Amino acid sequence: MEILKKRILEEGIVVSDQVLKLDGLLNHQVDPELTMEMGREFAKLFAEQGVTRVVTVESSGIAVAFATAYELKVPLVFARRKKTLLADPDALCERVPSFTKGIVTDIMISRQFISPEDKILFIDDIIANGDAARGLIKIIHRSGAELVGLGVVVEKCFEAGARTIREQGVRLESLIKIKSLAGGRIEFEQ
């Protein structure tokens, strides 16, 4: 997606050789037009998979996952990061470290919203080390649902996350692949 590359170059802030801040596009502010375009792209990539639900992890993946679910005409379910008083006590839960937050959190999905009959498309904003993705994949497998694929907006190719997910046999499609952030410069994979 050339428009996404252009916007990342214009608005992305390289914090370090490992961290790219995309608050203006994905993580704090959302551009509805660009987000819907990303959803259309994921819907095209996974159109033949018979997706019955789109899932994501709260909160940065929600906008793109919503756009994808809208295009596929299926429900969106997001894994919560915090238990509330109304949380399902029998929810599927997995403990995962958060690279950007520097903490370990629980992610959970109520069994009410994911079942063995489902074909799940997992959509996320960025994959770096893949801890949250692996946690949600475990939840999907424990539910008995079929994971048909993982779509990520930005793949950091210099981190192991996407590679380890693909090694598990999961189809992973990225809209943008970043080869390097070295020297404060964004270099895309060709």
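The report below goes from the sheet to the cores and then to single residues.

This is a predicted model, where local features need pLDDT of at least 70, side-chain atom pairs count only at pLDDT 80 or more, and totals for chains, interfaces and linings use all residues. Residues are numbered from 1 along each chain as its sequence is written, and side-chain values use heavy atoms, with hydrogens and water left out.

## The sheet and its helices

Start with the strands. Helices (H or I, at least four residues) and strands (E, at least two) are DSSP runs, numbered from the N terminus. An open sheet is built from 6 strands in the order E4-E3-E7-E8-E9-E10, with mixed pairing. Two strands pair if DSSP finds at least two bridges between them. E4 and E10 are the edge strands, and each pairs on one side only. E10 runs antiparallel to E9, and 2 bridges join the two strands. Phe188 in E10 is the bridge partner of Ile178.

H3 touches E7, E8 and E9, and its direction makes about 120° with that of E9. H5 lies across E3, E4, E7 and E8 and runs at about 170° to E7. These angles run from 0 to 180 degrees between N-to-C directions; the axes are lines fitted to C-alpha atoms, for helices over the stretch in contact.

## The cores

What do the buried residues do together? In soluble globular proteins, nonpolar side chains tend to be buried together. Here, the largest nonpolar core has 29 residues. Such a core is a set of buried Ala, Val, Leu, Ile, Met, Phe, Trp, Tyr and Cys residues joined through side-chain atoms within 4.5 Å. Buried means under 20% relative accessible area, exposed over 50%, and partly exposed in between (1.4 Å probe, protein chains only). Leu4, Ile8, Met38, Val54, Leu121, Val153 and Ile178 have the most contacts inside the largest core. At least two residues of this core come from each of H1 (2-11), H2, H3 (32-45), H4 (62-72), E7 (119-127), E8 and E9 (172-180). A second, separate core has 25 residues, including Val96, Leu136, Ile140 and Val152.

Contact means heavy atoms within 4.5 Å. Beyond its neighbours within four places in sequence, Met38 is in contact with Met1, Leu4, Leu26, Val64, Val153 and Leu175.

Which residues of H4 are buried? They are Val64, Ala65, Ala67, Thr68, Ala69 and Leu72. These buried residues pack against H2, H3, E3 (53-57), E4 (76-79), E7 and E8. Lys73 follows H4 and has a positive phi, near 60°.

## Annotated sites

UniProt (unreviewed entry) places the feature "binding site" at Leu20, Asn27 and Lys156. The same annotation name, also from an unreviewed entry, covers Ala128, Asn129, Gly130, Asp131 and Ala132. UniProt positions are given in the numbering used here, feature names are shortened, and annotations may be inferred rather than shown by experiment.

The table gives the accessibility of some of these residues.

| Residue | Relative accessible area | Class |
|---|---|---|
| Asn27 | 26% | partly exposed |
| Asn129 | 25% | partly exposed |
| Ala132 | 18% | buried |
| Lys156 | 7% | buried |

Asn27 is found in H2 (residues 23-27). Leaving out neighbours within four places in sequence, Asn27 is in contact with Leu22, Ser60, Asp125 and Ile126. The side chains of Asn27 and Ser60 make a polar contact at 3.1 Å. A polar contact is a pair of N or O atoms within 3.5 Å; within protein, one must be able to donate a hydrogen and the other to accept it, and residues adjacent in sequence count only if both atoms are side-chain atoms.

Asn129 lies in the loop between E7 and H5 (131-143). Its side chain reaches the backbone nitrogen of Asp131 at 3.2 Å. Ala132 is found in H5. Outside four places in sequence, Ala132 is in contact with Arg81, Val96 and Ile107.

Lys156 lies in E8 (residues 146-156).

## Beyond E10

Glu189 lies in the segment after E10 (187-188). Why does Glu189 count as partly exposed? Its relative accessible area is 32%, so Glu189 falls in that class. Apart from residues up to four places away in sequence, Glu189 touches Cys157, Lys177, Ile178 and Lys179. Glu189 and Lys156 are 33 residues apart along the chain, and their C-alpha atoms are separated by 9.3 Å.
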